[in-house]
Amino acid sequence: MIELTEVDGVPTLVAPSSGQAAAGLIFRVGQADETLPLHGVTHLVEHLALHDSGLSDYHYNGETTSVYTHFHLRGSESDVVGYLGKVCAGLAELPMHRLEIEKEILRTESRSRGGTTALPLRRYGAQGYGLPSYPEWGLARLRPEDLREWVETYFTRDNAVLWIAGSGVPAGLRLPLRPGVRRPAPAPTSALPSTPAWFTGDDTSVVFSAVVHRSTAASVYSGVLERELFRDLRQEGGYSYTATATYEPRGDGFATVTAYADALPEKQGAALGGMVDVLARLRHGAIDPSGVAAVRTKSLEKLNHPEIEAARLPAHALNLLTGQRNLTVDELRAELAAVTVEQVHAVAAEAADAGLLQTPHRTTADWAGFTAAPTSSAHEADGNRHPHREDGDVELVIGPDAASIVRPGSCATVRYDACAAMLTWPDGARRLIGDDGIVLHLEPAMWAAPAAELAVLDTAVEPSRQVPMPPRDPATIPRPGAGRADAGAGRNPGEIIAIVLLLLVAVALGTFSVFQAVTVATTGGKPHDLSLLGGAAVGAALFATPVVLLLRRRR
């Protein structure tokens with residue numbers, strides 16, 4: 001039912017569809033191909049290429065993921081011809097007059113989309129598949145020549161696949177793309193010394209991810225995991241409203257299974273324990289055969305749609321693009337029907353061994369057999385040491401090969417040759433981010449280090465890894481003593497009244513102690529006078545202590 005042909009040298013998959021025509025042009029390039037200093041370049045190319053499409057009567061869009069960029073639409077055959085023609089024309093000559101405007105649009109889009117997940121960063125580090133965890137910092141430094149080079153490297157006819165759902169290839173369709181080479185999916189990196197691992201998130205949700213071998217059994221495992229989570233965490237426990245699991249091929253023979261459960265603050269511990277229990281149960285083979293059968297049946301029912309071949313075209317095109325096998329509907333039916341409980345158990349064991357668990361805020365998972373993902377470096381740099389201006393327990397070390405911030409019991413070290421990016425601000429602040437995701441942030445005013453010593457970093461980190469950042473509000477720049485000067489800011493009236501009263505009492509007792517001391521010294525002290533003097537002094541100290549603690553708490 002799916003025909004393989006080509007249009008202007010681009011492999012093209014065509015399947016019949018009785019509705020509106022639909023088409024998509026997929027390129028094998030995404031965020032995982034970028035570096036941190038260039039992060040955002042693929043997304044920016046996508047936006048610029050779509051600019052001339054403007055307002056239209058048909059639905060179209062662009063999508064940038066970790067491994068591919070997809071331009072797609074639904075409309076008439078003439079719409080397909082017009083839209084894809086404009087996309088190719090835009091890639092041939094990007095509208096650079098829109099460059100700064102589109103950068104601002106992408107920054108706005110990022111804010112409206114919300115935060116990013118830390119799972120990719122924790123698993124892969126600050127490179128490759130870990131980049132979706134980071135803001136698109138590369139937008140600030142991208143120049144027209146950077147974009148042209150990116151297009152010439154990745155947006156080529158040999159690195160693309162076209163799919164069309166309709167009556168065939170529309171008359172007049174042309175894809176005038178540059179020649180190039182097919183780009184394989186990026187090799188994955190790792191920031192985890194061992195798995196299963198855990199780290200603490202900044203909200204109350206529980207998230208688990210695992211990279212497993214891509215297979216039909218793995219997709220069934222994802223469905224079984226979702227059923228078990230929904231039953232345990234929502235239906236029976238009432239801990240979560242949303243309890244889901246997804247299965248996403250990575251393009252290199254592996255796939256990522258991700259499980260998610262939300263929770264109220266008071267239920268986060270129960271939600272975490274519930275997810276750990278489900279994962280352990282499946283890991284040890286306690287799998288309900290009826291659950292496996294239900295997932296198989298549901299998946300098989302989806303294959304009965306009269307236009308299933310057309311619906312599967314984007315996935316088929318991506319498989320062709322990344323060199324993965326494509327199954328016919330009949331082959332997929334046979335594989336689904338043959339999935340056994342034992343196969344699902346094998347995937348569950350693989351997922352448990354490769355798992356990465358994000359626990360809710362202020363919770364851990366050591367108790368469940370997970371190892372804490374690293375948040376500090378194993379070794380500190382060897383070089384000149386400089387003290388922190390306000391914290392004597394913290395030192396900055398700048399050496400010829402690496403820099404470190406050393407604290408009692410931990411350190412953050414970034415080697416210059418393994419620095420994913422160094423963000424630089426006009427006021428002299430620098431933030432080094434290692435390939436492993438370790439961050440070293442330097443505020444010049446806070447360190448007793450000569451400016452020339454800090455400037456070593458600017459020559460040690462290669463220029464292509466340096467990302468200039470916009471100026472900061474001077475009021476937000478840390479400076480020595482600012483914490484003490486602002487200690488009273490934000491205090492509530494109750495705290496202020498308590499501090500004043502405690503101080504008055506302490507001063508009164510202190511004054512009385514001094515008066516008693518003078519009296520004892522001039523008249524000859526009696527035992528009860530000395531006791532009274534000591535009691536007054538102790539009382540003054542007791543009343544002064546809460547004042548000191550309140551002041552320190554706000555620093």
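Tutor: What follows sets computed values in this predicted model against their cut-offs.

Student: Why are E104 and R107 said to meet in a salt bridge?

Tutor: The cut-off is a side-chain nitrogen of Lys or Arg within 4 Å of a carboxyl oxygen of Asp or Glu. For E104 and R107 the N to O distance is 2.4 Å. That is within 4 Å, so the label holds. The two residues are three apart in helix α3 (residues 99–113), about one helical turn.

Student: What makes R333 and D330 a salt bridge?

Tutor: Their closest N and O atoms are 3.1 Å apart. The limit is 4 Å, so the pair qualifies. Both lie in helix α11 (residues 329–338), three residues apart.

Student: Why is D330 called exposed, and R333 partly exposed?

Tutor: Exposed means over 50% relative accessible area, and buried means under 20%. D330 has 57%, so D330 is exposed. R333 has 28%, which falls in between, so R333 is partly exposed.

Student: How do you know that R143 and E145 meet in a salt bridge?

Tutor: The N to O distance is 3.5 Å. That is within 4 Å, so the pair counts. R143 is partly exposed at 42%, and E145 is partly exposed at 41%.

Student: How many salt bridges does the structure hold?

Tutor: The structure holds 21. Some share partners: E228, R231, D232 and R281 are joined into one network.

Student: How do you know that β1 and β2 pair?

Tutor: Pairing needs at least two bridges. Strand β1 (residues 3–7) and strand β2 (residues 10–15) have five, in the antiparallel sense, so they pair. E6 stands opposite P11 in β2. Two residues lie between the strands of this hairpin, where D8 takes a positive phi near 50°.

Student: What makes β13 and β16 edge strands?

Tutor: The open sheet has four strands in the order β13-β14-β15-β16, with antiparallel pairing. β13 (384–387) and β16 (410–415) each have a single partner strand, so one side of each is left without a neighbour in the sheet. The twist averages 15° from one strand to the next. Four bridges join β13 to β14 (residues 395–398), and at least two are needed, so that pair qualifies. N384 stands opposite I398 in β14.

Student: Why is G19 called partly exposed?

Tutor: G19 has a relative accessible area of 48%. Exposed needs over 50% and buried needs under 20%, so G19 falls in between. G19 is found in the loop between β2 and β3 (21–27).

Notes
Residues numbered from 1 in each chain as written. Predicted model: local features only at pLDDT ≥ 70, side-chain atom pairs only at ≥ 80, totals over all residues. Heavy atoms only, no water. Axes fitted to C-alpha atoms, helices over the stretch in contact; angles between N-to-C directions. Buried < 20%, exposed > 50% of the residue type's maximum accessible area, 1.4 Å probe, protein only.
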